[in-house]
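The following explanation is intended for a reader who meets this structure for the first time. Please keep the sequence and the model in view while reading.

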Amino acid sequence: MSLTRRSMLKRIIAGSAIALVPFGAFAKWAEAAFKADTYKGALAEIGSEDAIASDKIKLKAPEIAENGAVVPIRVSSTLENIESISLLVEKNPTPLTAQFKMFPGLKPDFKIRVRMGETSKVVAIVKAGGKSYSTSSEVKVTIGGCGG
Amino acid sequence: MRIKAKLKGDTATVKLLIKHPMESGRRKDEAGKLIPAKYVQTVTGHIAGTQVFEVNTGPGVSKNPFIQVILEGRKAGETIDFKWVDSSGATEEGSATLK
């Protein structure tokens, strides 16, 4: 096959398109998922409606949170080939709260502080090897953290 | 932002504290008017230009977000560069040296 100027140009354009698309998709904030206003809707948006309960995910959250504005959460997992870890607060106005992406050398063990409007289940969803796994923990909130 | 990076062996525990109001868009001001949403959406971490961390966040993260990240296979003297972007497009960068 001879390389004419035109075919060369086509190849360069095709090549750069391939290189750009996955990066763009990766770097994008999942707007529909973060703006979903129901727990089921958020689960559907992240493609984890069929999440299997797993004891290989550890979710550390207080049993009782006196102040819903600052609820410390720790999530870790011993699952293999983790792609992402999502945290959802079932009864919050927008349940999806955080989505950690995995990189080589990054330990699947994160701490973050979240807001809770009322007593609710906190759910951790781990995507690993193309499947979704979950675990949850109930947090009782004495004073909600979403109002003024 | 404030970053604390502590190295033990080859494991770095990095604590990140971002100063940000994390306005959810549901809060009202004293006049009863809704305060527009403005919250951190993405925090990324790089070491020597290689991405090592990313979290995407929604308005459910507490005001002045705190995040702890653990990195393995690191060395003393390496610098970790963080950057956040919020829903208004505002950004801030910060770095810390692993020691």
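The model is predicted. Chain A has 148 residues, of which 42% count as buried. Its secondary structure comes to three helices and nine strands. Along the sequence of chain A the order is α-α-α-β-β-β-β-β-β-β-β-β. When contacts in chain A between residues at least 6 apart in sequence are considered, 64% of them join residues at least 24 apart. The accessible surface of chain A is about 8,400 Å², and 56% of this area belongs to carbon and sulfur atoms.

Chain B has 99 residues, and buried residues make up 48% of them. Here the secondary structure comes to zero helices and seven strands, so that, by the definition of these elements, chain B reads β-β-β-β-β-β-β from the N terminus on. Of the contacts in chain B with a separation of 6 or more, 54% are between residues 24 or more positions apart. Chain B has an accessible surface of about 5,000 Å², with 49% belonging to carbon and sulfur atoms.

The two chains can now be considered together. Their contact takes 33 residues from chain A and 28 residues from chain B. Between them, chain B and chain A bury about 2,600 Å², and carbon and sulfur atoms carry 52% of that area. On the side of chain B, the residues that lose the most area to chain A are B:E54, B:N56 and B:I70, which together account for 22% of what that side buries. B:E54 also forms a salt bridge with A:K101, in which the closest N and O atoms are 3.5 Å apart. The elements of chain B that give two or more residues to the side touching chain A are β3 (40–47), β4 (50–57) and β5 (66–72).

Attention may next turn to the interior. In soluble globular proteins, nonpolar side chains tend to be buried together. The largest nonpolar core of this model holds 63 residues, and those touching the most other members are A:F100, A:F110, A:I112, B:V43, B:F53, B:I67 and B:L71. Strand β8 of chain A (residues 120–128) gives the most to this core, with six residues. A:F110 has partners in both chains: among them are A:I73, A:V75, A:I85, A:F100 and A:M102 in chain A, and B:F53, B:Q68 and B:V69 in chain B.

Two further residues illustrate burial within a single chain. B:L98 lies in the segment after β7 (91–97) of chain B. Is B:L98 buried or exposed? Its relative accessible area is 1%, and because buried means under 20%, B:L98 counts as buried. The residues that B:L98 touches include B:A5, B:L7, B:A12, B:I47, B:A76 and B:I80. The C-alpha atoms of B:L98 and B:K6 are separated by 6.1 Å, although the two residues are 92 residues apart along the chain.

In chain A, A:S48 is placed in the loop between α3 (39–45) and β1 (52–53). With a relative accessible area of 0%, A:S48 is likewise buried. Leaving aside residues up to four places away in sequence, A:S48 touches A:L43, A:I125, A:K127 and A:S132.

Notes
Residues are numbered from 1 along each chain as its sequence is written. Chains are lettered from A and ligands numbered from 1 in the order in which they are written. This is a predicted model: local features need pLDDT of at least 70, side-chain atom pairs count only at pLDDT 80 or more; totals for chains, interfaces and linings use all residues. Side-chain values use heavy atoms; hydrogens and water are left out. A nonpolar core is a set of buried Ala, Val, Leu, Ile, Met, Phe, Trp, Tyr and Cys residues joined through side-chain atoms within 4.5 Å. Buried means under 20% relative accessible area, exposed over 50%, partly exposed in between (1.4 Å probe, protein chains only). Helices (H or I, at least four residues) and strands (E, at least two) are DSSP runs, numbered from the N terminus. Contact means heavy atoms within 4.5 Å. Accessible areas come from the Shrake-Rupley method with a 1.4 Å probe; for residues, only the protein chains shown count as cover. Buried area is the accessible area (1.4 Å probe) that two parts lose on being put together, summed over both. A salt bridge is a side-chain nitrogen of Lys or Arg within 4 Å of a carboxyl oxygen of Asp or Glu.
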